[in-house]
Amino acid sequence: MKTILIVLPLIFTMGMCDPNPNNHRRPILGRYELVGHDTSGRLVFTGTISLKSLEQNHLKGQCTIVREKDAAEGVLNQQGGCEGSLDGKKVNLDLAPSLDDAGLLLEGELNAIRISGIWRLDGFATSNPLGTFEAVKKE
């Protein structure tokens, strides 16, 4: 009986321990609804970001960008894989990592259920910030 009383609290304590020390970073994974505005505040693009994996600080997922009709030249409809990095709360995403140019780059910060920051276009030379974006987690 004494053995059971000693072993039960140990089993309970072990069950409460996190077997995966990287779990604290996993809340970034999921589906986000994305909106981007230019520096004048006009809507430039919408889309989704589905972050599916995080290994060390490398993010991978699927992203879709839908260009608004009045968007600046260079913003393209895109659908496919996206990659990025997570450094603390800083998030950098390349929404077209397989393209050498014409990709959309997002540089932002993770705040609870949203990522917000600035967007740029990747090309021969990366553009200056062209506006802001916000990605709100839905799942």
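**Entry 1: a starting pair**

Which residue in β2 is the bridge partner of Tyr 32? I looked it up, and the partner is Ile 49. Before going on, I noted that this is a predicted model, where local features need pLDDT of at least 70, side-chain atom pairs count only at pLDDT 80 or more, and totals for chains, interfaces and linings use all residues. Residues are numbered from 1 along each chain as its sequence is written, and side-chain values use heavy atoms, with hydrogens and water left out.

I also wrote down what the strand names stand for: helices (H or I, at least four residues) and strands (E, at least two) are DSSP runs, numbered from the N terminus. Two strands pair if DSSP finds at least two bridges between them.

I checked pLDDT, the predictor's confidence in each residue, from 0 to 100. The protein chain has a mean pLDDT of 82, and 76% of its residues reach 70 or more. Residues 18–25 fall below 50, and this stretch has five contacts in the model beyond near neighbours in sequence. Contact here means heavy atoms within 4.5 Å.

**Entry 2: the barrel**

In what order do the eight strands close into a barrel? I traced β1-β2-β3-β4-β5-β6-β7-β8, with antiparallel pairing. On average, neighbouring strands of this sheet are turned by 30° against each other, direction ignored. For that angle, axes are lines fitted to C-alpha atoms, for helices over the stretch in contact, and angles run from 0 to 180 degrees between N-to-C directions.

Then I followed some of the strand pairs:

- Strand β1 (residues 30–38) pairs with β2 (residues 43–55) in the antiparallel sense over eight bridges. The two form a hairpin with four residues between them, and Gly 41 in the turn has a positive phi of about 95°.
- On the other pairing of β1, seven bridges join it to β8 (residues 131–137), again antiparallel. Here Val 35 has Glu 134 of β8 as its bridge partner.
- β7 and β8 run antiparallel and are joined by six bridges; Trp 119 is partnered by Gly 131 in β8.
- β4 and β5 are antiparallel over five bridges, with Glu 83 facing its bridge partner Asp 94 in β5. They make a hairpin with two residues between them, where Gly 88 in the turn has a positive phi of about 65°.
- β5 also pairs with β6, antiparallel and over five bridges. Asp 94 turns up again, this time with Leu 105 of β6 as its bridge partner.

**Entry 3: the disulfide**

How many disulfides does the structure hold? I found one, taking a disulfide as a pair of cysteine sulfur atoms within 2.5 Å. Cys 63 and Cys 82 are the two ends, with S to S at 2.0 Å. Cys 63 sits in β3 (residues 58–67) and Cys 82 in β4 (residues 78–87), so the pair ties together parts that are 19 residues apart in sequence. The torsion about the S-S bond is about 60°, so the disulfide is right-handed.

Are these cysteines buried or exposed? Buried means under 20% relative accessible area, exposed over 50%, and partly exposed in between (1.4 Å probe, protein chains only). Cys 63 has 2% relative accessibility and is buried; Cys 82 is also buried, at 2%.

**Entry 4: the core**

Next I looked for a nonpolar core, a set of buried Ala, Val, Leu, Ile, Met, Phe, Trp, Tyr and Cys residues joined through side-chain atoms within 4.5 Å. The largest has 27 residues, and those with the most contacts inside it include Leu 34, Phe 45, Ile 49 and Trp 119. Each of β1, β2, β3, β4, β5 (90–94), β6 (103–111), β7 (114–122) and β8 supplies at least two residues of this core. The largest share, five residues, comes from β2.

Leaving aside neighbours within four places in sequence, its contacts include Phe 45, Ile 49, Ile 65, Leu 106 and Phe 133.

Ser 50 lies in β2 and is buried, with a relative accessible area of 17%. Not counting residues up to four places away in sequence, Ser 50 touches Gly 30, Arg 31, Lys 60, Gly 61 and Gln 62.

Beyond four places in sequence, Thr 46 is in contact with Leu 34, Val 35, Thr 64, Ile 65, Val 66 and Glu 68. Glu 68 is 22 residues from Thr 46 along the chain, yet their C-alpha atoms are separated by 7.6 Å.
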